[in-house]
Amino acid sequence: MESALYIVPTPIGNLDDITLRAIDVLKNATLIAAEDTRHSKILLDKLGISSKKMISCHDHNEEEKAQIIISEVKNGGIVALISDAGSPLINDPGYKVVTHCAKADVKVVPLPGPCALITALEASALPTDKFMFRGFFPVKEKELEETVCSLKDADYTCVFYEAPRRIIATMEVVGRILPEHDVTLCREMTKTFESFYRLKAKDAAAFLKEDPDRTKGEFVVAIGSLKNDITDIPENVKDAVSELIRTAPVKQVTAVIAKLTGLKKNDLYNYALSLKNE
Ligand code: SAM
């Protein structure tokens, strides 16, 4: 294996989601830079990988740890950068390490793999052709309101992370400011209680309050755009989609109708998907 800094995603719940390549890199690593070494040791033990040289690498010491990583690679080593779960750098440490390595001409090899943002987007049933990721919702009320207000005229899907203790309060604000927007609350993905709640924003907080179990675990929130609203599809076309998907695959139906009507394939696909989900 070539000497380099490898960015290695780890599972966001289901251990089987680790990739073969990730295991290979971790096994061959001469140094593992982990967000929390104790947390990552549990994963490494489960993978049968032991007695690795490890360093902790978090937001407050990244610059200093970058130098250790650079000299390890320059001395022929293989460094694996991992975070507590999911893809490093995506709302996790690693940005400064990668920046310093790039500046020092150290080879950086990113491995594809688990990431809550992408996993949520895929199941959201919201348009995926154009999206923005905003990390965690702001905690301060005023900033939260400003952030949510900025989405009123957005023509893209916007994805946020949120903590379970804040999900109801946040969805109250989202529901008040963007009542008619479609939202998908993606909970505990890849785990036993994986759930996707696809709702109008105005109904989300009340829905969560109905059952305390609905607020347990980790959340990703995807907010749709009114610009992509499926009401833009004429009624007769909607009827045709609804009839045809009874007997033909959604992809095939939407491709043919898009060709015949000139409507966007993605809009038709999302409409067909929403019918299937109903
Ligand atoms: N780097 C990670 C990634 O690739 O997704 C994200 C790290 S961020 C500190 C942790 C947040 O991601 C959680 O608070 C939650 O919002 C989201 N998250 C992580 N795992 C999740 C899961 N299994 N289901 C839903 N959300 C999850």
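## Domains

Between the centres of domain 2 and domain 3, taken over C-alpha atoms, lies a separation of 27 Å, in a model that is predicted. The domain assignment of the chain, which is automatic or comes from a database, gives domain 1 as residues 4–110, domain 2 as 125–223 and domain 3 as 235–277. Contact, meaning heavy atoms within 4.5 Å, joins 6 residues of domain 2 to 4 residues of domain 3.

Residues are numbered from 1 along each chain as its sequence is written, and side-chain values use heavy atoms, with hydrogens and water left out. As this is a predicted model, local features need pLDDT of at least 70 and side-chain atom pairs count only at pLDDT 80 or more, whereas totals for chains, interfaces and linings use all residues.

## The chain as a whole

The chain has 11 helices and 10 strands, taken as DSSP runs numbered from the N terminus (H or I and at least four residues for helices, E and at least two for strands). Its C-alpha atoms fill a box of roughly 65 × 45 × 35 Å along the principal axes. Of the contacts in the chain with a separation of 6 or more, 71% are between residues 24 or more positions apart.

Of the 278 residues in the chain, 47% are buried, where buried means under 20% relative accessible area, exposed over 50% and partly exposed in between, with a 1.4 Å probe and protein chains only. The chain has 36 positive and 41 negative side chains, and the centres of the two sets lie 2 Å apart; Lys and Arg count as positive and Asp and Glu as negative, without His and the chain ends, and each charge is placed at NZ of Lys, CZ of Arg, CG of Asp or CD of Glu.

Helix 11 covers residues 265–277, and its 13 residues should span 18 Å at 1.5 Å a residue, which agrees with the 18 Å between its end C-alpha atoms; the expected span is 1.5 Å times one less than the number of residues. Asp 267, Leu 268, Asn 270, Tyr 271 and Ala 272 are buried in helix 11, and the buried residues of this helix pack against helix 9 (235–244) and helix 10 (250–261).

## Leu 244

Leu 244 is found in helix 9 and counts as partly exposed because its relative accessibility is 40%. Leaving aside residues up to four places away in sequence, Leu 244 touches Val 253 and Ile 257. Leu 244 and Ser 83 are 161 residues apart in sequence, and their C-alpha atoms are 45 Å apart in space.
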